[in-house]
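Have the viewer open as you read.

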Amino acid sequence: MQPAVETQSLTRVFRPKRKKEGSIVTALDSVDLRINKGELFGVLGPNGAGKTTLLKILSTLLLPTSGKAYVAGFDVEKDLLDVRKRINMVSGGEISGYGLLTVRENLWMFSQFYGIKSKEANARIEELLGRFGLTEKAKEKVRTLSTGQRQKMNVIRGFVTNPEIVFLDEPTLGLDVNAARAVRDFIVDWIRSDRSRTVLLTTHYMMEADELCDRIAIIDDGKILACDTPSNLKRMVKMNTTLTLSVAGLNEIAGFDTIQGLNSYSQTKDVESSTTKLRFVLEDESCVSDIVSKVVAEGSKIMSLQKTEPTLEDVFIKLVGRGLE
Ligand SMILES: Nc1ncnc2c1ncn2[C@@H]1O[C@H](COP(=O)(O)OP(=O)(O)O)[C@@H](O)[C@H]1O
Ligand SMILES: [Mg+2]
């Protein structure tokens with residue numbers, strides 16, 4: 001079967017406009033991806049990993065420097081009109097839509113850019129507004145909406161053209177829990193209700209990737225480090241248990257590197273509770289006592305201790321060498 005999206009050694013380099021200003025950035029470095037029709041595919045990576053660059057190339061907004069990208073079998077460089085007819089894209093965390101138009105006018109206008117018949121567009125708009133609880137806002141000017149409502153409208157805009165393939169760039173960025181839930185549920189329902197549809201979404205939320213995606217590509221520094229189902233990715237670290245310590249009064253601790261049986265570790269400060277969360281990926285559980293001794297010897301107080309099975313975050317730390325947040 002023809003893949004929905006395929007890239008071959010896809011590379012994108014950004015050169016500074018003037019030679020003395022900054023250095024060359026390789027935003028995408030020889031990316032090979034094959035996304036099947038019907039898949040909800042996630043690209044997971046930290047800020048600056050290259051996620052937006054990838055989606056911009058696939059949606060024909062940016063040209064590759066080298067390599068190839070095909071969407072629905074069409075070359076994004078040569079057949080861009082064929083690509084554009086079949087796709088839509090939504091970017092999270094970005095103000096979009098015309099504030100002076102109403103919600104319905106905005107959506108209708110975008111549907112007309114795609115040449116959707118007015119009757120069909122209106123029916124779809126009503127259905128989607130209802131689905132997102134925005135029916136009552138249909139006649140309100142967009143500038144009066146909350147961030148969450150505006151983002152929901154943005155998501156509706158991405159689906160109102162009934163695309164074959166949807167690119168969602170961090171669709172839940174900055175949304176509150178309920179709005180994010182509504183967007184995620186909608187995405188899953190949309191793709192499951194027609195197997196010829198495909199979604200490619202980017203995220204830096206581990207839980208979102210784990211919960212939604214059929215397969216995930218982990219990207220860092222322009223390179224795909226792993227690509228598999230969430231459960232297979234977690235199986236990669238199956239042998240490793242994670243130890244999470246919440247400690248108070250922690251100064252910078254160095255020297256965990258010398259502990260035998262420790263695979264990797266990361267620290268995150270929780271400002272609110274003035275504690276530090278230490279996460280250790282263990283190769284051999286016997287090193288727990290060494291870790292605890294070291295933390296205590298530094299004069300820190302252990303507030304809680306938890307041993308857990310691998311999560312996507314552990315996979316990420318193992319591959320990238322650091323956490324996401
Ligand atoms: N227009 C641009 N000009 C120069 N550098 C860019 C441009 N767009 C992106 N970059 C750089 O490319 C890298 C990848 O960026 P991006 O694709 O936006 O990452 P992400 O979406 O994963 O946060 C970053 O180092 C970023 O600074
Ligand atoms: Mg981005």
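## Helix packing and the ligand site

In this predicted model, helix α3 passes helix α5 in a right-handed crossing. On the α3 side, the contact uses Val103, Asn106, Leu107 and Phe110, and α5 brings Met153, Ile156 and Arg157. Sorted by class, the residues of that contact are five nonpolar, one polar and one charged.

As for the geometry, α3 spans residues 103-113 and α5 spans residues 147-159; their axes come within 9 Å and cross at roughly 25°. Angles under 35 degrees count as roughly parallel, so α3 is roughly parallel to α5.

Helix α5 also packs with helix α6 (residues 177-192), at an angle of about 10° and with the axes 11 Å apart. That angle means α5 is roughly parallel to α6 as well. Here Lys152, Val155 and Phe159 of α5 meet Ala179, Ala182, Val183, Phe186 and Trp190 of α6. The class count for the contact of α5 with α6 is seven nonpolar, no polar and one charged.

Now for the ligand. Which residues are around ligand 1? The list has Phe14, Val25, Ala27 and Pro46, then Asn47, Gly48, Ala49, Gly50, Lys51, Thr52 and Thr53. Some of these place a polar atom by an oxygen atom of ligand 1, as for Gly48, Gly50 and Thr52:

| Residue | Atom in the residue | Distance to an oxygen atom of ligand 1 |
|---|---|---|
| Gly48 | backbone N or O | 2.6 Å |
| Gly50 | polar backbone atom | 2.9 Å |
| Thr52 | side-chain N or O | 2.8 Å |

Technical notes:
Residues are numbered from 1 along each chain as its sequence is written. Chains are lettered from A and ligands numbered from 1 in the order in which they are written. This is a predicted model: local features need pLDDT of at least 70, side-chain atom pairs count only at pLDDT 80 or more; totals for chains, interfaces and linings use all residues. Side-chain values use heavy atoms; hydrogens and water are left out. Axes are lines fitted to C-alpha atoms, for helices over the stretch in contact, and angles run from 0 to 180 degrees between N-to-C directions. Helices (H or I, at least four residues) and strands (E, at least two) are DSSP runs, numbered from the N terminus. Angles under 35 degrees count as roughly parallel, over 145 as roughly antiparallel, 65 to 115 as roughly perpendicular and the rest as oblique. A crossing is left-handed if the near helix is turned anticlockwise from the far one by less than a right angle, and right-handed if clockwise. Contact means heavy atoms within 4.5 Å. Ala, Val, Leu, Ile, Met, Phe, Trp, Tyr, Cys and Pro count as nonpolar, Asp, Glu, Lys and Arg as charged, and the others, Gly among them, as polar. A residue is near a molecule or strand if one of its heavy atoms lies within 4 Å of it. A polar contact is a pair of N or O atoms within 3.5 Å; within protein, one must be able to donate a hydrogen and the other to accept it, and residues adjacent in sequence count only if both atoms are side-chain atoms.
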